[in-house]
Amino acid sequence: MLDIKLLSFRYQYKTILSRLSFTVEPGDILHITGPNGSGKTTLMSLLAGLRKESGGTIQYLLPGGRPAPDRRAHVEYLPAEANALFGKMDAMSNLRFWLKLRSLDASDDYIRPVLKRWDLDHPLIRENFPVESFSTGMKRRLALARLELSQTPCWLLDEPLYGLDTKGIETFQTMLDEHLQRQGITIIVSHDIAPLERFAVRKLDLVVEGKPKT
């Protein structure tokens, strides 16, 4: 479970988030909504451990309720329009790097079935072809393959459908469904809500600090 209590964040002299509290249980999807400037991406980066909160707590609770010593070991973050890929490396090398960073199996037998699922297993694509030459959709599919291979129970997805075609969206839906069946947690920011309509989604609506909610 992800447990957030009285979370606040200030940037210089501006309050972005103020005393925000919520929990996300295993098997849940939480959809973060709100206007531009309400702190959606800031919240995601805080949950991922890329920013330090100004106040409050963020905890990933292990079975039994014990806080994880480092929640980043249990979280995988997919930023909006950024795929955390090395442009000069090919698809296989990118995935091997991230898997070894997590001390996971980085063998071809582990990686290639997921590449095949995302239509990236062609020999002219998976090796000796730099990712910087991929299309926008191909880069996003490779980033989603990294997410799938990570084995993390908590996914933070900021506009995960960016650049995907219809088949890519369908593959994403299947992957997400499997993740939820494994009692995974998903927190998502997305303007494209139609692909989420098949899921039981909770919503957290953020407001711009200092402005009344309408």
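1. Asp158 has Val189 as its bridge partner in β7. The two strands concerned, β6 (residues 154–158) and β7 (residues 185–189), pair in the parallel sense over five bridges. Pairing here requires that DSSP find at least two bridges between two strands; strands are DSSP runs of E with at least two residues and helices are runs of H or I with at least four, both numbered from the N terminus.

2. The model is predicted, so that local features need pLDDT of at least 70 and side-chain atom pairs count only at pLDDT 80 or more, whereas totals for chains, interfaces and linings use all residues. Residues are numbered from 1 along each chain as its sequence is written, and side-chain values use heavy atoms, with hydrogens and water left out.

3. The sheet is open and consists of five strands with parallel pairing, arranged in the order β5-β6-β7-β3-β8. Its edges are formed by β5 (75–78) and β8 (201–205), each of which pairs on one side only. From one strand to the next, the twist averages 15°.

4. Helix α5 (residues 136–149) packs on this sheet and touches β5 and β6; contact means heavy atoms within 4.5 Å. The direction of α5 makes about 175° with that of β5. Such angles run from 0 to 180 degrees between N-to-C directions, with axes taken as lines fitted to C-alpha atoms, for helices over the stretch in contact.

5. The count of salt bridges comes to 14, where a salt bridge is a side-chain nitrogen of Lys or Arg within 4 Å of a carboxyl oxygen of Asp or Glu. One of them joins Arg72 to Asp70, with an N to O distance of 3.0 Å. Relative accessibility is 46% for Arg72, which counts as partly exposed, and 33% for Asp70, likewise partly exposed (buried means under 20% relative accessible area, exposed over 50%, partly exposed in between; 1.4 Å probe, protein chains only).

6. Which residues are linked in a network of salt bridges? Arg112, Asp121, Arg126 and Glu127 are linked in this way. Within this group, Arg112 and Asp121 meet at 2.9 Å, N to O, while the closest N and O atoms of Glu127 and Arg126 are 3.5 Å apart.

7. Arg112 is partly exposed because its relative accessible area is 31%, whereas Asp121 is buried at 15%. Glu127 is partly exposed at 31% relative accessibility, and Arg126 is buried, with a relative accessible area of 11%.
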